[in-house]
Amino acid sequence: MSGETSAGPARPRKIQLEKAYRLLNKALEDFYEQKYERAIELCGEALEHLLPGGPNPLSSPELRSDHFLKMYSAVLPVREAEGIADVFTFFQSRKARFRVRRGSPLPDRDWWQFIRVSREEAEGVLQVTRLALGSVERQSTTGG
């Protein structure tokens with residue numbers, strides 16, 4: 001758009017925050033409709049909108065997470081950094097926990113927990129996303 005390149009200036013912070021909050025609101029709607037997986041995806045997208053140039057589907061979740069944390073580390077509470085990184089890598093971590101070799105039997109018990117997202121997990125992701133957006137918003141309104 002208007003002179004913006006992938007290496008060019010970031011979109012205005014206000015527009016980034018507006019898009020991020022819209023995605024967070026959609027995530028909350030999905031959460032209350034018990035669509036936990038979709039809610040977590042939307043949280044990741046919301047945080048990605050705060051990156052320069054917006055979401056980049058070509059970069060890995062780990063790279064997006066690292067970039068986000070490097071960019072906003074001065075603004076975010078230190079204890080929340082791991083939770084914010086988990087928003088980006090949630091589904092990769094879930095897949096890594098559920099390793100089944102072809103031809104081997106599924107785990108005997110609770111295997112569904114490895115592929116389903118619980119209400120508590122989704123709620124945790126929503127809280128971390130809300131905290132991150134609030135921190136970035138406070139930083140941008142105070143001129144930091």
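Author: First, a term. On a 1 Å grid over the protein atoms alone, a pocket is an open set of points where a 1.4 Å probe fits, with protein on both sides within 12 Å along at least five of seven lines. Lining residues have an atom within 4 Å of a point.

Reader: What volume does the largest pocket have?

Author: About 220 Å³, counted as the space filled by probe spheres set on the points. This is a predicted model: local features need pLDDT of at least 70, side-chain atom pairs 80 or more, while totals for chains, interfaces and linings use all residues. Numbering runs from 1 along each chain as its sequence is written, and side-chain values use heavy atoms, without hydrogens and water.

Reader: Which lining residues are closest to the pocket's centre?

Author: E41, E48, V87, F88 and F91, of 13 in the lining.

Reader: Which helix gives the most to that lining?

Author: α4, with 6 residues. Helices here are DSSP runs (H or I, at least four residues).

Reader: New topic. Which residues of α2 are buried?

Author: Y36, A39, I40, L42, C43, G44, A46, L47 and E48. Buried means under 20% relative accessible area with a 1.4 Å probe, protein chains only.

Reader: And what does C43 touch?

Author: L24, A27, V87, V125, L126 and T129, leaving out residues up to four places away in sequence. Contact means heavy atoms within 4.5 Å.

Reader: How far apart are the end C-alpha atoms of α2?

Author: 19 Å. At 1.5 Å a residue, its 13 residues (36-48) should span 18 Å, so the two agree. That expected span is 1.5 Å times one less than the number of residues.

Definitions and conventions: Helices (H or I, at least four residues) and strands (E, at least two) are DSSP runs, numbered from the N terminus. Buried means under 20% relative accessible area, exposed over 50%, partly exposed in between (1.4 Å probe, protein chains only).
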